[in-house]
Amino acid sequence: MKKIIYVLALSLMTGCTNKFLELYPKSTLNEGNFYQTEVEYTLLANGCYVPLRDNERNNHWILAELISDNASFQNNVRTGEASRGVIDQFILVGDNIAFSSFWNLSYNGITRCNKLLSELDREGVNWSKLSFKERSAGEALFLRSLYYFNLVRQFGGVPLVLAPTTSQEAVDIKRSTEAQVYDSIINDLKQAAERFAKAKDVEEVGRANELSALSLLGKVYLTLGKYAEAEQTLKTVINSGKYALLPNYADVFNPSKKDFKETIFAVQYSENSAELANRFIFLFAPHTSGGAVTNRPNINIVGAGWNQPTDDLINAFEAGDTRKAVSIGFWNGLDWDNVVRPIAYCAKYKAPVSAPDDRCGDNFPVLRYSDVLLMYAEALNELNRTGEAIPYVQQVRTRAGLTAPLAALGKEALKTLIAKERQVEFCFENQRWYDLKRTGKAIEVMTAHGIREKAKKTFLYPEGYTLSPNKLLAPIPVNEVSINKLTQNPGY
């Protein structure tokens, strides 16, 4: 919410062609600058992606995956769990840095998008093609909608800021309703799709595009229970023929050969610098495993052990499901309690390919074609078109080695199966908590999960996993309540 100075210090990013994020020497673009060239606008558009990159590697997995029944953590008496472990156990407070960091980075991104949109119609700009202008507009609208979509799913109604705003003005902007935020998201995505449609000749892999906007719009409609709108929107993506399932699920997560055939939109990472890299495997490997999982014994991972697969997730995979070995690894060694056992860890994100340290370059998927297929099937099923929905679920399962026919399933059985398919297909992709909430299953599932977790793990807090409807929303960060005078969510 505060005034943002854009420090777009980015360097070459690998994994993308056509020069996306092959950025310029360190430079500072502040809010007072005037932009006159296509290069400057491209740099400004690239900067709109930066807070998303930072949020995904640092915060979002805590608030959307660790908090779910998919993931937990390896006990670590040396580092404590003051900000992450308490969220896993639903001990939620407004002064937790994970919430404030997520909030601040999201509004940083929104501010950047607003700045770009406000500057695009400036007279005298030298565009080699007007399609570059349309692409930049589409990117700003898409990314702004994504920032708000994540905010509203976490916190409910939030301040809706759609134009450049001074820090003094920002204090006077109060929370909009959830409905108002969703209306803005839908409007932005529709406009983004229209602008991207005029920029097809300058599409670049790694950047958002028209089908990214439509895929996200379909997800928004599904979240709101607008199944007819979701079905029509997602059908457009499928019928485009642009994306398809890769034959091998593991190839989606290969940092040596990044996927742009199944992946519709992903956060781009690179080993070229610490700023552009992620450290997922160095956070998710067992903290007792040294370099056995990370392949980097020179890197201390004393603070690792996060996003540990739970028994609930491990047991959700059917026999013969090839996704299990891709998603979950087991390291046999000394655990936190000095007992040797097989320790599960998130294996989707890999050790560095060539960097000698902890710089990882695997991209983080936000929208995949399998997501579109399962969302489309869910919408069809909710519209009582179960027979039409089944083949789309079967596509995803067949790729995973599960070929048993589903033709006999009724609506409720298919609904249950789709929920399970989403749990295993997208584990560790920050979808599970949102799926539990939008399907009305969060309290039921997480209460039962908490009972099992506390029975197994004696180090968990006795007051953990005490769920109520209030905890379906995160607390508004304490500084936003005290300084910007925002109303706190009930129960905090």
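Residues are numbered from 1 along each chain as its sequence is written, and side-chain values use heavy atoms, with hydrogens and water left out. Because the model is predicted, local features need pLDDT of at least 70 and side-chain atom pairs count only at pLDDT 80 or more, whereas totals for chains, interfaces and linings use all residues.

Helices and strands are DSSP runs numbered from the N terminus, a helix (H or I) having at least four residues and a strand (E) at least two. Helix H7 spans residues 178-197 and helix H8 spans residues 210-223; their axes come within 8 Å and cross at roughly 160 degrees. Such axes are lines fitted to C-alpha atoms, for helices over the stretch in contact, and angles run from 0 to 180 degrees between N-to-C directions. H7 and H8 are therefore roughly antiparallel to each other. In this scheme, angles under 35 degrees count as roughly parallel, over 145 as roughly antiparallel, 65 to 115 as roughly perpendicular and the rest as oblique. The crossing of H7 past H8 is left-handed, a term used if the near helix is turned anticlockwise from the far one by less than a right angle, with right-handed used if clockwise. On the side of H7, the residues that make the contact include Tyr182, Ile185, Ile186, Leu189 and Phe196, and on the side of H8 they include Ala213, Leu214, Leu217, Val220 and Tyr221. Contact here means heavy atoms within 4.5 Å. The residues in the contact of H7 with H8 divide into 14 nonpolar, one polar and two charged. For this division, Ala, Val, Leu, Ile, Met, Phe, Trp, Tyr, Cys and Pro count as nonpolar, Asp, Glu, Lys and Arg as charged, and the others, Gly among them, as polar.

Side chains of opposite charge can pair when their charged atoms come close. A salt bridge is defined as a side-chain nitrogen of Lys or Arg within 4 Å of a carboxyl oxygen of Asp or Glu, and by this rule the count comes to 43 salt bridges. One of them joins arginine 135 to glutamate 204, with the closest N and O atoms 3.2 Å apart. This pair links distant parts of the chain, since arginine 135 belongs to helix H5 (residues 130-155) and glutamate 204 to the loop between H7 and H8, 69 residues apart. Arginine 135 counts as buried at 3% relative accessibility, and glutamate 204 counts as buried at 15%. Buried means under 20% relative accessible area, exposed over 50%, and partly exposed in between (1.4 Å probe, protein chains only).

A salt bridge also forms between glutamate 262 and arginine 368, whose closest N and O atoms are 2.7 Å apart. Glutamate 262 is in the loop between helix H9 (227-240) and strand E4 (263-267), and arginine 368 is in strand E8 (residues 364-368), 106 residues apart. Relative accessibility is 0% for glutamate 262, which counts as buried, and 2% for arginine 368, which also counts as buried. In another salt bridge, the side chains of glutamate 378 and arginine 438 meet at 2.6 Å, N to O. Glutamate 378 lies in helix H13 (residues 369-382) and arginine 438 in helix H16 (residues 432-438), so this pair ties together parts that are 60 residues apart in sequence. Glutamate 378 is buried, with a relative accessible area of 10%, whereas arginine 438 counts as partly exposed at 22% relative accessibility. Salt bridges that share partners also join a set of residues into one network, among them Glu262, Arg368, Asp321, Lys348 and Glu429.

Most residues other than glycine have a negative phi. Phenylalanine 90, although not a glycine, has a positive phi of about 60 degrees. This phenylalanine is found in the loop between helix H3 (85-88) and H4 and counts as buried at 0% relative accessibility. Tyrosine 465 likewise has a positive phi of about 60 degrees and is not a glycine; tyrosine 465 lies in the loop between helix H17 (442-456) and helix H18 (478-482) and counts as buried at 5% relative accessibility.

Alanine 98 lies in helix H4 (residues 97-119) and counts as buried at 3% relative accessibility. Not counting residues up to four places away in sequence, alanine 98 touches Asn59, Ile62, Leu63 and Ile87. Valine 340, in strand E7 (residues 340-346), counts as exposed at 55% relative accessibility.
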